[in-house]
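Please open the model in a viewer and keep the sequence at hand.

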Amino acid sequence: MRIIINPRYAYLRDYLEHIDEHFDREGHEIHRDRNVIRTLQVEGLTLCVKRYSRVSLPARVATKLRVRTSRARKAYVSPLLLKERGFESPEPVAFVRYNRGLIDSVSYFVCLHSAYRYSMADIMTLDEEKRREVTEAFAKYAANLHTDGFLHRDFSADNILFDFIDDALSSRIHFSLIDTNSMRCGRSVGLKKGCANFARLAGDEHFFRHLAECYAKARNADVDECTELILKAHRNYLQRTGK
């Protein structure tokens, strides 16, 4: 077994070392496809635990698990990189890998469960005023994210959480990224790639046009160019996926 634990949660070591057992018999399943995500309760915390699917035998032999291991481990590292730059992501708790023989393993990523009530999948359910407010805030957020060199490769509506947070002075919209194991961190993201990054979002044409306008202003770019790039990327995504 290999385990990396956030020092803040070192007191959960015994629990985390047996996360596979807890995962199988406790908690509530919230997602299932190739991977499975469950929420677990421990020591007053709600944990979100993702179990990565096992790689096929040919892939395990060919890669010696480098790809799958890096995905689970990157899921732990990426939120820390985001937080260093002032972007929100559920706090990572641990990365755990159980070896099953010489060429097989099962990996888990553990983080705190986000209490944010909305995702960008909910954008069209908001009233017009709120929708415009969220879109404008999100465009600025995405522009800052891209300028700082972060490119989430699964920038889908379900992976972008948000909520309205009241402080002493005003009510602000906070965003939080999840499922960041495929995120790239490096140089500033160019305008074309930045616009293409919105392809997986959900919304009508009016939403995407407003998003393009706000994103262009945030990046001091041409509005028409951004609009064309974003609409084209979204339409290509819909055609490619049949959605």
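Begin by selecting Ser107, which counts as buried because its relative accessibility is 2% (buried means under 20% relative accessible area, exposed over 50%, partly exposed in between, with a 1.4 Å probe and protein chains only). Ser107 belongs to strand S6 (residues 105-112); helices (H or I, at least four residues) and strands (E, at least two) are DSSP runs, numbered from the N terminus. Next, display its surroundings: neighbours within four places in sequence aside, Ser107 is in contact with Lys50, Arg51, Tyr52, Ala72, Phe95, Val96 and Arg97, where contact means heavy atoms within 4.5 Å.

Two conventions apply throughout. This is a predicted model, in which local features need pLDDT of at least 70 and side-chain atom pairs count only at pLDDT 80 or more, while totals for chains, interfaces and linings use all residues. Residues are numbered from 1 along each chain as its sequence is written, and side-chain values use heavy atoms, with hydrogens and water left out.

Now turn to the aromatic rings. Rings of Phe, Tyr and Trp (its six-membered ring) pair if their centres lie within 6.5 Å; planes under 30 degrees apart count as stacked, over 60 as edge-to-face and the rest as tilted. The count by this rule is 17 aromatic pairs. Select Tyr141 and Phe175, a stacked pair at 5.0 Å centre to centre with 25° between the planes. This pair links distant parts of the chain, 34 residues apart: Tyr141 lies in helix H5 (residues 128-147) and Phe175 in strand S10 (residues 171-177). Tyr141 is buried, with a relative accessible area of 9%, and Phe175 is buried at 4%.

Move to Phe162 and Phe164, an edge-to-face pair with 6.0 Å between centres and 85° between planes. Both Phe162 and Phe164 are buried.

Finally, select H5 together with helix H7 (residues 205-218), whose axes come within 8 Å and cross at roughly 45°. Axes are lines fitted to C-alpha atoms, for helices over the stretch in contact, and angles run from 0 to 180 degrees between N-to-C directions. H5 is therefore oblique to H7 (under 35 degrees counts as roughly parallel, over 145 as roughly antiparallel, 65 to 115 as roughly perpendicular and the rest as oblique). Residues making the contact include Phe138 of H5 and Tyr215 of H7.
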